[in-house]
Amino acid sequence: MKYALYTGCVAKGAGRENLVAARLACEKLGIELVEMTDAACCGAGVINEDNPLVADILNARTFALAEAQGLDIMNICTTCQGVHRKAQRKLQSKPEYWTRVNEELERDTGRRYQGEVKVKHFYEVLLHDYGLARLREKVVRPLAGLKLAAFYGCYATRPPEVNDLANPDDPDELEQLIEVLGATPVRYDERLKCCGFPIAMVNKENSMQLGGNAIASAKAAGADAMVTPCPLCHLNLDAYQPEIESQLGRKLRVPILHIPQLVAMALGVPAAALRLGTHIVRPTALMAS
Amino acid sequence: MYSHDVVIVGSGLAGLRAAMELVDHLDVAVVTKVYPSRSHSGAAQGGVAAALGNVDDDTVEAHIYDTVKGSDFLGDQDAIEILCNDAPRTIYEMEHLGCPFSRTADNKLNQRAFGGHSYLRACFSADRTGHALLHTLVEQTYKHGGKLRVYSEWHMNRLIVEDGVCRGIVALDIKTGQLEVLRARAVLFASGGYGQAFKITSNAAANTGDGIVAAYRAGVPLQDMEFVQFHPTGLYEHGILLTEGARGEGGYLINAEGDRFMSRYAPSKMELGPRDIVSRSEQTEINEGRGAGPHKDYVLLDLRHLGRAKIMERLPQVYNLAKDFIGVDCVEEPVPIQPTAHYSMGGIPADNDCQVYLDENGTHVTGFFAAGECSCISVHGANRLGTNSLLEALVFGRRAGKKMLDVVPGLKQAGVDEEGELLAAQQEIEALYAGDGSEDLHAIREELKETMTYQVGVYRCGEDMRQAQSAIAGLRERFRKIQVKDRGGNFNLNLIDALELSNMLEYAELIVDGGLAREESRGAHFRTDFPTRDDVHWLKHTLAFRTDDGGHELRYKPVTITRFEPEERKY
Amino acid sequence: MAAHKLIFRIQRFDPAADREPRDQDFEVELPPGITILKALNKIRAEQDPTLALRYSCGSAICGSCAVKVNGHARLACKTQVSDCADNGVLRVGPIGNLEVLRDLVVDIDPFLESLGRVKPYLVAEDGAAPDHERHQSPEQFLKIDPSTTCILCAACYSDCNVLEVDHSFVGPASLAKAHRFIFDSRDTATFQRLGTISEQTGVWDCTHCGECSTRCPTETKPLERIEEIRTRAMADGFHDNAGARHALGFRETVGKRGLLDENYLPARSMGFGNLPGLLSLVPVGLRMLRRRKNPPLIPPSIDKADEIRKTFARFEELRK
């Protein structure tokens, strides 16, 4: 198995540990990754609002790069994943617009996006391409006794037509994955809610409250840690957790893990290699293991 | 007790349009059983008629003639002239208020074909025309800010008329269960139709004829109640409306054999014949064994040849309704349909300024007005043409407003016996709790609806209607034994159900008796035992007067004919 | 298909009797092809006449019957039971973000009042007694076609994540209503509308969670309309707010190196002249620095950033 690895911006910035873990996990699984060092930011739904055509050209360029490599794309961020899928769907539903995007793309890069490449998140690769049964066999260090709350984040579930969840209104794909890794999935009310990250700079109070409600809900359900496929959720829930705590007026101290970290750990990657110490809320129990 | 200059009951197009006319000048309140944006005007789909001539050389004259002919000559021609003359102004006004209308390539209001109209006359907003118009008026209520008082989710129980003078209403605040008198110098009923008495109906649950029955119980006669329109394209079993615009855009009606059967009934107009004729044609196909489906009890609306793009642009709601409610993709498959009770031609008799008549001699109830579907002015006669109802609501809603503006300053607030009125309303409610509970109101309602659909439907005959008559008498008797179980004050739906059923039982009887008496076939009223129109005996309006014993007496009044003498109706 | 048995787990609340909402199970036998609304009315008719709910048209146009089904807002009248049953249990509750009055009925007045904040009516100069229509092209009509399909059912308001934490947010339906006029070629108040909507609690306060569009039973799809409003506000120069500055930060950094500069972006969003805002970023910055979680000081770049620069250089041209 071989994928073009789209890192996105956060993996090059404040969430480098996510990229490290994804590489290590894939190495253990024999999944070959070719990093797309020339792929640009997906726009995160923001460039799209500033200028939809520019955003679509950027993403078409990314798809064209992968097509040139002859590989499908693996994302390690559900925001990138969701934005990519939305862009593909938009282009496919508007042939004339697609042609326009390709004309602009060709003018700037000499490339065209043909519509062949598929984009998949790391966890979707595990679920649908690699297979959970096969993954289960590879688990050498089951995360037994660990109660984990999956936090899906918005782009993993909405809009439902651009994700692959069997039941987007009540998904259990991440819970299945957690269970395969030997940990215990914890269900809680806020698992499909927004983490608040997109408005962190616009309305910090609302952003912190959204993040706080999610963490508090997971904690109340007995979770030892939360795990998310989106590094932006990670940032809001982890890096801002002290601010969230002071807004809520209570201690939370819930570690926020990236999915690849969890997978790598269960596959036997030493905790020390996973940069868990960079987290603001350190998962001390895991780090010791 | 609340007090206003004008109380309008109903928040659909007629009610809101009247309110707009008054709000800057008088203290006006709208009382609605739902919320304004949820009024049933919003469910109208295909269009609103006006001879703009934007896409052909239509004329107001042609609109008048088509409407008179469509009404099977029972429509009052002076009122029809007003309706059609005022149509272009009405459309331009709504457009200027912001109503989104579908456009022609040269940026004018687009117009589509509709049944019984001889030109492309229906202005439309995709297939959500009623919704677009209603929301435009709801938007205006925001513009008028705090000036318009809206009593949302109030159920109107009684109209107060004494000595021929209207004094206000008694209504129930559904949110609290409190009964209140709303005193007014004038009351306008714009309370909609009465299609809920039928099992297969396109009408909203709210359309239980509360207005007409309150007027009737207050001593006002009801006119032409036997004329109930059956729309040809109700979604099979659900009765949900699929717009006539679907045929206006070129849709076919086919039977089980794939045959466009309308060629045998209305060879020149085909699927765009008037609704009464198309519905009867469908029913004949079904009755004669050419229906589709396992029970051969429906026919098919075939849109496939229109193609996906046109369906999605012009008929998106039709697409969604078929998809969501019966899982049929109308791009790929024809849609099962059947006639559905749709529009109430009958209602509260009123003059061309919406002033309500107390009798057949032109006596008015002082300070009482009616407009829209609850009224019978009568612009639709025995059969309404599609797209004329939205038009009527707007034209006559405005006229009612103008007339009230004119007369209300000269009216004094008549005295109201608040205690007596509240007591009467309270006693009516208490009676619904006092039954022994041996009968079930839902069962009675379902039986009524089945009786009406199957025995007083598209085809009627004396025998069926006599059976229906005794069935309804039996149901009314059984209704005394029901018992409302919910003692709660707020959102007591159980009580509202009972109040509504009481209304339905009361007016259903008038539909049947009016139909039984009318020994002819005219427009939507078709009798297999009297299959032809009889202008000698029946070119007249029915008026049903309530008698003191709870029964009624039928009297008649002539039709106003100005220019078009009755002639044979062929399409 | 035969009828099948199902548990309807309905949230009940009667303010006169209950302190807290409670769940009540109703076992029902339903024919195939039945909607949630018909099932609820069957329960009222056969089991419990005291169940309170709202409904009217039964054909997805009046917007009365939004309820939560299995935790998400849906129109009861158009939702098939067969699409929702989950292990034989189907949960029904009142829609969210509004006070429950009884059972499935909520107080929708705050929702309707929120619409009033966006001047929800056409503003135009022409006189009141027109003798012709104003011209509008089919393309101009199509721009407002989606936002005019809104039925005010409040499903979006119910599931909006921001409203859950802040009722001062104008909300998705109001923004869709604003869209309907901002993009109406006949409206003359576009500039004022964009200005008002760019303020705090307006269009930039949406967190993009996508619930509104996912729950919307019509073609309104508020999130898409919100995105279009933001695009228009950016194009028309309404840049003096954190949301717009955030977007400019993307434009400026991605447009240069192909990737975000995560050190620059927060400061850009706050506004370089906004000292309290900038100071509020200090604790989290230091915290990340201490853990070496901070983005690198030399901003990352893709291999051929010049290609991206070419595209961004034509930004305004591409806008058209």
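**Chains and helices**

Author: Of the 2 pairs of chains that touch, chains A and C have the most contacts. Keep in mind that this is a predicted model.

Reader: How far apart are the nearest C-alpha atoms of chains A and B?
Author: 13 Å, and the two chains do not touch.

Reader: And B with C? How many residues of each are in contact?
Author: 45 residues of chain B contact 44 residues of chain C.

Reader: Which elements of chain B give two or more residues to that side?
Author: α4 (87–97), α5 (129–143), α10 (316–326) and α15 (493–517) of chain B.

Reader: Which one gives the most?
Author: α5(B), with 6 residues.

Reader: What's the split by class on the chain B side?
Author: 19 nonpolar, 14 polar and 12 charged residues.

Reader: New topic. At what angle do α3 and α5 of chain A pack?
Author: About 70°, with the axes 9 Å apart. In chain A, α3 covers residues 52–69 and α5 covers residues 95–109.

Reader: So what do we call that, parallel or perpendicular?
Author: Roughly perpendicular, because angles of 65 to 115 degrees count as such.

Reader: Which residues meet there?
Author: From α3(A), D56(A), I57(A), A60(A), R61(A) and A64(A). Facing them from α5(A) are V101(A), N102(A), E104(A), L105(A) and T109(A).

Reader: How many of each class in that contact?
Author: The contact of α3(A) with α5(A) has 5 nonpolar, 2 polar and 3 charged residues.

Definitions and conventions. Residues numbered from 1 in each chain as written. Chains lettered and ligands numbered in written order. Predicted model: local features only at pLDDT ≥ 70, side-chain atom pairs only at ≥ 80, totals over all residues. Contact = placed C-beta atoms within 7 Å. Helix = DSSP H or I, 4+ residues; strand = E, 2+ residues; numbered from the N terminus. Nonpolar A, V, L, I, M, F, W, Y, C, P; charged D, E, K, R; others polar. Axes fitted to C-alpha atoms, helices over the stretch in contact; angles between N-to-C directions. Parallel < 35°, antiparallel > 145°, perpendicular 65-115°, else oblique.
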